[in-house]
Amino acid sequence: MRKLLSTSLLLIASGLWAVAQEVPQVANVMARQTTSLNGAWNYIVDVQEEGYYDYRMNPTRWGFFINAKPQRPEDLIEYDFDKNPTLQVPGDWNTQDERLFFYEGTVWYKKSFDFHPQEGRRTLLYFGAVNYDAHVYVNGRKAGHHIGGFTPFNFDVTDLIKDGENVVIVKVDNKRHAEAVPTQIFDWWNYGGITRDVCLISVEPLYIENYKLLLDKTVPAKKGVRQLHFSVKLNKAEAGKTVTLRIPELKVSQQVMTADDGTASISLKAKPQLWSPETPILYKVEIQLGQETLKDEIGFRTIETRGKQILLNGQPIFLKGISIHEEKPNGGGRANSTEDAHTLLSWAKELGCNYVRLAHYPHNEYAIREAERMGMLVWSEIPCYWTIAWKNPDTYANAERQLTDMILRDQNRANIIIWSVANETPHSPERDVFLSKLAKHARQLDDSRLISMAMEVTSASNYHNKLQDNMNEYVDVVSFNQYIGWYRDVNDAPKMSWEIPYEKPVIISEFGGGARYGLHGEKNQRWTEEFQENLYKENTAMLDKIEGLAGTTPWILKDFRSPRRVLTGIQDYYNRKGLFSDKGEKKKAFYVLKDWYATK
Ligand code: GCU
């Protein structure tokens, strides 16, 4: 044995004491009794995972998760979190420590805090998101493991947490892998770290795990009276538990009784004003079980398609959108606050948008809720991006888990209208099986919204573009990316014709081109604002000719960091297709899109 340790550390290392377990995601954490663990966390950069494996690459029981301290003068401990600098949580490490700008690997995080658990209650440890692979320990013992960088997870740590000083340690690894989701290559910065909120949630042994309240689009309204559908799920399969739903402004107060599986549901009549971009009305909702009441703000609307139209509240709507990455408005780094979201969404509002595509992964809950308050419709997506390992069952399970968690977190948000299961994926029978299963799974979890994915133009010759994709039958909206004027056919947009043989609404989920803000020149000079401006003029005129076009989300609102963009003096590790620079400066193309949207 390479390390000399005292008995108590031996006991902890042997993990003989207590256990924890991952529990299904609890909804609406913001409304729960929480203790934030955000703030400064000590960190250790561990390139060779010395803190996890022994020198034979076997997982060691004496790892950094023990947070060992020398007990006797001869004890050999070769790390000390408390001597190490700190990183802010939530946040990525790449923009907080310049040595870690390009870093992909393991970083250990440690947080010490006082906590006094309440008698008879359970304690859950919640993470809004950790990119990518997280091993979580509480007081030296394993709480659990999670993979996936953009969805929440939580563990019941009641048996690990102590009354007094506690230590949470997280091993975070953002290395890319072929079988991961996303896979090895993607055109955005692989920000690593504990990128969203961390907190302890105090709950009763029996608590409301999740709920769904929405307008039932299958029942037509009568004089403004509509049918709402409410369902609730407890954390345990317990029958005979009373849950009360109250919507005071709608004079709704209803009780439901759980069945053997701990769920209950009810349909009820009410007369809500409908949520829409013009009127983003949210109603105060209370859901009570025993002494605990969860408060939420929920809007009611219907979304459906009719032929090639998208109908919001029964009315055709054109989705004037823009794509957005989850990056802070100025400079780089993961965005993770209402303020960040408000700034980005205000820029989209300036463009005249009523809709945003949050690419290519579920964005943080603050962004979704702020968009809902600002009247911004949302396309939300999981990172099944490019060449996913379609044949790998673990990859499928991972993708399905991310899809489930995205839907369970945001299913009560009125502004989310489209769940997207993929982006630009190469055609193959394995891909078709994988994505069709995901699309069916999404529909099974939530048949109140539209399902889609960002496809690609399948053939283009003689200026005739065709879209042929077997996935058309699994989606409600046929969406595809096209880069005419940038990756192909410069200045040929006016000559283009389209063949999209599906009786479904069409969304152009991406189009655009790059420009370095402040670089000016002839309109055929790449990277100038004039080139991008002209590309937008030609593309918007071309899009007007596409039959059944129901919306678009040009690529992209703001220049964003990407390790694939290495052209010095122009890109400098930024994708420059933004209509805003990375500092929030408007490029000329901004005004072209704004004017076009004003005609819609
Ligand atoms: C693709 C992809 C984006 C990427 C963009 C680009 O379509 O979906 O993630 O950033 O093209 O090339 O700029």
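Colleague: Why is Cys-199 called buried?

Modeller: Cys-199 has a relative accessible area of 7%. Buried means under 20%, exposed over 50%, and partly exposed anything in between, with a 1.4 Å probe and protein chains only. Cys-199 at 7% is under 20%, so it gets the word buried. Cys-353, with 5%, is buried too.

Some ground rules: this is a predicted model, where local features need pLDDT of at least 70 and side-chain atom pairs count only at pLDDT 80 or more, while totals for chains, interfaces and linings use all residues. Residues are numbered from 1 along each chain as its sequence is written, and side-chain values use heavy atoms, leaving out hydrogens and water.

Colleague: How many disulfides turn up?

Modeller: A search of the whole structure comes back with 0. A pair of cysteine sulfur atoms has to lie within 2.5 Å to count.

Colleague: How do you know that the length of helix 6 agrees with its residue count?

Modeller: Helix 6 runs over residues 529-543, which is 15 residues. Helices are DSSP runs (H or I, at least four residues), strands are E runs of at least two, and both are numbered from the N terminus. The expected span is 1.5 Å times one less than the number of residues, which gives 21 Å for helix 6. Its end C-alpha atoms are 21 Å apart, so the two agree. As for cover, 13 of the 15 residues in helix 6 are buried.

Colleague: Which residues come nearest to the ligand?

Modeller: Out of 14 around it, Asp-187, Tyr-385, Glu-424, Tyr-487 and Glu-510 come nearest. To count as near, a residue needs a heavy atom within 4 Å. Asn-575 has a polar side-chain atom 2.8 Å from a ligand oxygen. The ligand alone exposes 310 Å², and the protein buries 97% of that; the areas come from the Shrake-Rupley method.

Colleague: What makes Lys-223 exposed?

Modeller: Lys-223 has 78% relative accessibility, which is over 50%, so exposed it is. Lys-223 lies in the loop between strand 12 (208-215) and strand 13 (226-234), and its phi is positive, near 50°. Asn-462, at 71%, is exposed as well, and has a positive phi of about 50°. Most residues other than glycine have a negative phi, and most peptide bonds are trans.

Colleague: Which bond is cis, with omega near 0°?

Modeller: That one runs from Val-89 to Pro-90. Another cis bond, from Val-181 to Pro-182, has omega near 5°.

Methods
A polar contact is a pair of N or O atoms within 3.5 Å; within protein, one must be able to donate a hydrogen and the other to accept it, and residues adjacent in sequence count only if both atoms are side-chain atoms. Accessible areas come from the Shrake-Rupley method with a 1.4 Å probe; for residues, only the protein chains shown count as cover.
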